Amino acid sequence: PGNQPPTAATLWGTGYGTGNLEAFTNTPWNNVPAAPKVVAEARTGNHAGAYTIPAGGSRCENVPPQLAFKEGDERWFSFSTKLQNVDVNSTKWQDIAQWKNDGLGSPPLELSVEGGQFKIGGGYGWPGNTNNPQPKLSKKTLGAATNSIWDDWRVHIVFSSDPTTGYVEVWRNGTKPSTSGTRRAEPCTRD
């Protein structure tokens, strides 16, 4: 049906099947203060990544080899998540995926857990806004965030600084949430 995400060619793909993090880029953010771990419970294959931020920690992540995105590029991203012992009702910053720009600062697009919901949002880092204290923020709710349940995500992005060209679509477990819609944006997230 029209609500199902189409398929696309794979440009880069990996998992944790090797039992280590060798497929990911080594960055300063891999270990602040705890590195991601490879564990046995996996959605597919033999291993999965586990990300824990101990008290006083600021982040725990890994980064795929950087693919440079340029104006007008269209990309599809697929991954699975399973929250474990996450305070899903927190209103603090809890991003589980980011699509970063080349500059410093927060991402133009992020998938987060906030107030008991998964949300797609952003607005930081859009061209001309690297240092602007008033970013153009937008968030759309994608449905309830629940611990101990696997979710399969598919995110379609057309990267553009032109709000009439750039957009993002999200599917969760094969279905586009009714609040997701197609979002045109600066660069991808304005309603």
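Which residues do ring pairs link into a cluster? Ring pairs link F77, F79 and W99 into a cluster, and a search of the whole structure finds four aromatic pairs, where rings of Phe, Tyr and Trp (its six-membered ring) pair if their centres lie within 6.5 Å, with planes under 30 degrees apart counted as stacked, over 60 as edge-to-face and the rest as tilted. This is a predicted model, in which local features need pLDDT of at least 70 and side-chain atom pairs count only at pLDDT 80 or more, while totals for chains, interfaces and linings use all residues. Residues are numbered from 1 along each chain as its sequence is written, and side-chain values use heavy atoms, with hydrogens and water left out.

**The pair of F79 and W99**

- F79 and W99 form a tilted pair, 6.4 Å centre to centre with 45° between the planes.
- F79 lies in strand β3 (residues 74–82) and W99 in strand β4 (residues 95–99), so the pair ties together parts that are 20 residues apart in sequence; strands (E, at least two residues) are DSSP runs, numbered from the N terminus.
- F79 is partly exposed at 24% relative accessible area, whereas W99 counts as buried at 8%; buried means under 20%, exposed over 50% and partly exposed in between (1.4 Å probe, protein chains only).

**The pair of F118 and W153**

- The ring centres of F118 and W153 are 4.9 Å apart and their planes stand at 70°, so the pair is edge-to-face.
- This pair links F118 in strand β6 (residues 117–122) with W153 in strand β8 (residues 150–158), 35 residues apart.
- Both F118 and W153 are buried.

Terms used
Helix = DSSP H or I, 4+ residues; strand = E, 2+ residues; numbered from the N terminus.
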